[in-house]
Amino acid sequence: MPAPSQAELIAIAEAFHGGGCVEAVQPMGNGNVNDTFLVHSVDGPSVLQRINTRVFHQPQLVMQNLQVLGEHIARKLQSGAAHPLLEQRRWHLPQLVYTKDEGNTWHCCPAGGVWRTITYVPDSTCVDVVGGAHQARELGLGLGLFHLLISDLPATALADTLEGFHITPGYLAAYHRALVNTDCQPSAGSERCMAFIREREALCDVLERAKQRGELPLRPIHGDPKINNVLLDRRSGEAIALIDLDTVKPGLVHYDIGDCLRSCCNPLGEETDQIEAVHFDLNLADALLEGYLAVAGRFLTEAELRYIPDAAQLISFELGLRFFSDYLSGSTYFKANHPDHNLQRALVQFQLTASIESQMPALRHLVERHAAAASV
């Protein structure tokens, strides 16, 4: 779908802010799915997004989940019983802005697409690569606080807006279909990816089998808590919000902590072209798990704790599988800047997976140590 003009963007933003109230709209962030813009209005900044309806087939359910989540977290924060850390730092949950005329949480327009506006978190920043152990600890702590705030929200209160999301066996099946139908020419990179996948197909159902056995319960999850979806306070560096809440849904916490570990503990980031240098930094994982389990270790079950290392390995592999499948299918899901972009991204994730595999005993020890400290 073509990018709207500045005039069209202002008209869309004015549906939420009112005629004549919007001064400018500019691109924001580097998300792979939705189109995101920063709106400058007389009321202050806000965030405008066009929801990718090829991904989210029922965008109204996305907004419904955000409303349920916002009301629950607001009650939890107002009660003052969430966690002592939340009394010592500010915490934000981006809120939906309603349209002026119809009072809806979304807007459809001639420029195409379904649009929504959410509140802007002031004095915040995000990073694409972790800047050290202190920052990794804050990123883990931010996810832990988010999980704590929604830990008593029934998973059934949320709609499943992305059925099959993070169900790795489903992505493996989609990969096999893409492999049969692809028009991509073979290359050294694609051959490497195919060999890597063949050797690890049995890995794909480790979490799903545990869920089916009743070891792992469904909980409300963020769904996509990668490194740049955790906002940090510009001055203190403290985690103060999680953003990009479209993927909030029922799931396993392992999808979240696995994604957080794989995105935060890769010092080169997922967009690097230095494939051979990609590695999982155990020191960053140590700090991240310390922050996360200091909060989440108090309510996660023993089985949930035990599967955290498997989650880090699996979600890294899963994302590589998804990137490679999208490459084979013509890059219709993830935005790509060049023809081999998603192939490059897949190779990064597979290299990261291999690095995690080589350090699994040490990663299990870190989880056990920090979980034990949290239970004292």
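Strand β3 (residues 44–51) and β6 are joined by 6 bridges and run antiparallel. This is a predicted model, in which local features need pLDDT of at least 70 and side-chain atom pairs count only at pLDDT 80 or more, while totals for chains, interfaces and linings use all residues. Residues are numbered from 1 along each chain as its sequence is written, and side-chain values use heavy atoms, with hydrogens and water left out. Helices (H or I, at least four residues) and strands (E, at least two) are DSSP runs, numbered from the N terminus.

- Two strands pair if DSSP finds at least two bridges between them.
- Strands of a sheet pair through backbone hydrogen bonds, either parallel or antiparallel.
- Strand β4 (residues 96–97) is joined to β6 by 2 bridges, and the two run antiparallel. L96 has I118 as its bridge partner in β6.
- Strand β5 (residues 107–108) also pairs with β6 over 2 bridges, in the antiparallel sense. H107 has W115 as its bridge partner in β6.
- The hairpin of β5 and β6 has 5 residues between the strands. There, G112 takes a positive phi near 100 degrees.
- Strand β6 (residues 114–119) has 5 of its 6 residues buried, so the rest of the structure largely encloses it. Buried means under 20% relative accessible area, exposed over 50%, and partly exposed in between (1.4 Å probe, protein chains only).

**The sheet β7-β9-β10**

- An open sheet of 3 strands has the order β7-β9-β10, with antiparallel pairing. Its edge strands are β7 and β10, and each pairs on one side only.
- Strand β9 (residues 230–233) pairs with β10 over 3 bridges, in the antiparallel sense. L232 has A239 as its bridge partner in β10.
- Helix α3 lies across β9 and β10 and runs at about 50 degrees to β10. Axes are lines fitted to C-alpha atoms, for helices over the stretch in contact, and angles run from 0 to 180 degrees between N-to-C directions. Contact means heavy atoms within 4.5 Å.

**Helix α8**

- Helix α8 (residues 282–296) has 15 residues and should span 21 Å at 1.5 Å a residue. The C-alpha atoms at its ends are 20 Å apart, which agrees. The expected span is 1.5 Å times one less than the number of residues.
- D281 caps the N-terminal end of α8, with a side-chain oxygen 2.9 Å from the backbone nitrogen of N283. A polar contact is a pair of N or O atoms within 3.5 Å; within protein, one must be able to donate a hydrogen and the other to accept it, and residues adjacent in sequence count only if both atoms are side-chain atoms.
- The buried residues of α8 include L284, L288, Y292 and V295.
- Those buried residues pack against α3 (133–150), α7 (253–264), α9 (302–306), α10 (308–328) and α12 (360–375).
- An α-helix has 3.6 residues a turn, so residues three or four places apart point the same way.

**L66 in helix α2**

- L66 is found in helix α2 (residues 59–79). L66 is buried, with a relative accessible area of 12%.
- L66 touches L96, R116 and L245, not counting residues up to four places away in sequence.
- L66 and Q95 are 29 residues apart in sequence but 7.7 Å apart in space, C-alpha to C-alpha.

**Cysteines**

- A search of the whole structure finds 0 disulfides. C109 is in no disulfide, and the nearest cysteine sulfur, that of C108, is 7.6 Å away. A disulfide is a pair of cysteine sulfur atoms within 2.5 Å.
- C109 counts as buried, at 15% relative accessibility.
- C204 is in no disulfide either, and the nearest cysteine sulfur, that of C193, is 14 Å away. C204 is buried, with a relative accessible area of 3%.

**Positive phi in two loops**

- Most residues other than glycine have a negative phi, and most peptide bonds are trans.
- D123 is not a glycine, yet has a positive phi of about 50 degrees. D123 lies in the loop between β6 and β7 (124–125). D123 is partly exposed, with a relative accessible area of 37%.
- D244 is not a glycine, yet has a positive phi of about 55 degrees. D244 lies in the loop between β10 (239–242) and β11 (249–251). D244 is partly exposed, with a relative accessible area of 31%.
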